[in-house]
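Me: Hi! Could you walk me through the pockets and the surface of this one?

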Amino acid sequence: MRKTLLVANWKMHLNTSQASMLVHRLQERTRIQRGIEIVLAPSLLTLQPLSMQIDRRKFRLAAQNAFYKDEGAFTGEVSFSMLRDLVHYVIVGHSERRIYFGETLEMIRDKVAAAVRNEITPILCVGETQQERKEGHTRQVLHDQVTTALSNLTSNEVADMVIAYEPVWAISTFGGELAKPAQIAEAIAFIRHQIEQLYGAKVAAAVRVLYGGSVDETIAGGYLAVEGCDGALVGGASLNPYKFAGIIDAAYRLRHETEQEG
Ligand code: PEP
């Protein structure tokens, strides 16, 4: 059974002391549970102090971004090789990076490869805009984003990575329309089908696929129960300890029910 993964994307919020306070609150409310992995993605500046504060049995850290070269004259950038001892995961291809920072399919492919080269697991975000969905291009967009991003990886490397289906129209800061479970199930099945075509059934069964887009504690249970969904990437609600703890509780409950059935 694939592990459930909950990722808190704090984006450009929380300075070091605010982040530390949030970790303190979350740590109090979180149990250690096999089968569920909770990942915090604070700002780059805050990773180092949080790496000393977190209870590693409860949390892992992710970077929100890094540059694809390992070192060189790239003013303002931080490389995956600089992050490799600090984080387990990195978010790559988030729609805010594609839209605000002009990240192309090829840049995202190179970032995924650089993360893997440095033993950091990429959480690759893919998803269509409202316009693309209306025009019937959802599958084409997902196909292009998935196949390009993975094109320099081996099957084993793909099996270990994480893909987050995040329709842009469902992200709280881009409209926050609530996706229907059937839409999520269809997109996740399509992503797994792409992986199966390229890397085989074993790899498709191993790769974890998350959902992201306005997930909060009130709807997390329903979204996490979607066929093929292995967890959630959470933006806004992850900044609130009560809401994020509520999402973690929903995952615990579902996991418990599924393990009892199985
Ligand atoms: C995100 O930005 O990845 C995200 C899912 O944000 P939100 O939960 O706020 O929609």
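Predicted model: local features only at pLDDT ≥ 70, side-chain atom pairs only at ≥ 80, totals over all residues.

Me: Great. How much space lies in the largest pocket?

Reply: The largest pocket holds about 520 Å³ of space.

Me: And which residues lie nearest its centre?

Reply: Those are M12, Q64, N65, R97 and F101, out of 18 residues that line the largest pocket.

Me: What classes do the lining residues of the largest pocket divide into?

Reply: Eight of them are nonpolar, six are polar and four are charged.

Me: Which helix gives the largest share of that lining?

Reply: That's α4, with three residues. Both α2 (44-53) and α4 supply at least two residues each.

Me: OK, on to the second largest pocket. What volume does it have?

Reply: The second largest pocket comes to about 300 Å³. Its lining has 16 residues, and M1, L224, C229, D230 and L254 lie nearest the centre.

Me: Where does the largest share of that lining come from, and what are the classes?

Reply: Helix α12 (residues 241-261) provides the largest share, four residues. By class, the lining of the second largest pocket has seven nonpolar, five charged and four polar residues.

Me: Switching to the surface: which residues make the nonpolar patch?

Reply: I99, Y100 and F101 make a nonpolar surface patch of about 350 Å². F101 is also among the residues nearest the centre of the largest pocket, and I99 lies in helix α4, residues 95-100.

Me: Why is I99 called partly exposed?

Reply: Because its relative accessible area is 44%, and partly exposed covers the range between under 20% for buried and over 50% for exposed.

Key:
Residues numbered from 1 in each chain as written. Heavy atoms only, no water. Patch = residues over 30% accessible without salt bridge, like charges linked within 9 Å, V, L, I, M, F, W, Y side chains within 5 Å. Areas by Shrake-Rupley, 256 points an atom, 1.4 Å probe, with all protein chains shown as cover. Salt bridge = Lys/Arg side-chain N within 4 Å of Asp/Glu carboxyl O. Buried < 20%, exposed > 50% of the residue type's maximum accessible area, 1.4 Å probe, protein only. 1 Å grid on protein atoms, 1.4 Å probe; cavity = no way out; pocket = protein on both sides within 12 Å on 5 of 7 lines; lining within 4 Å. Points joined across faces, edges and corners; volume = space filled by probe spheres on them. Nonpolar A, V, L, I, M, F, W, Y, C, P; charged D, E, K, R; others polar.
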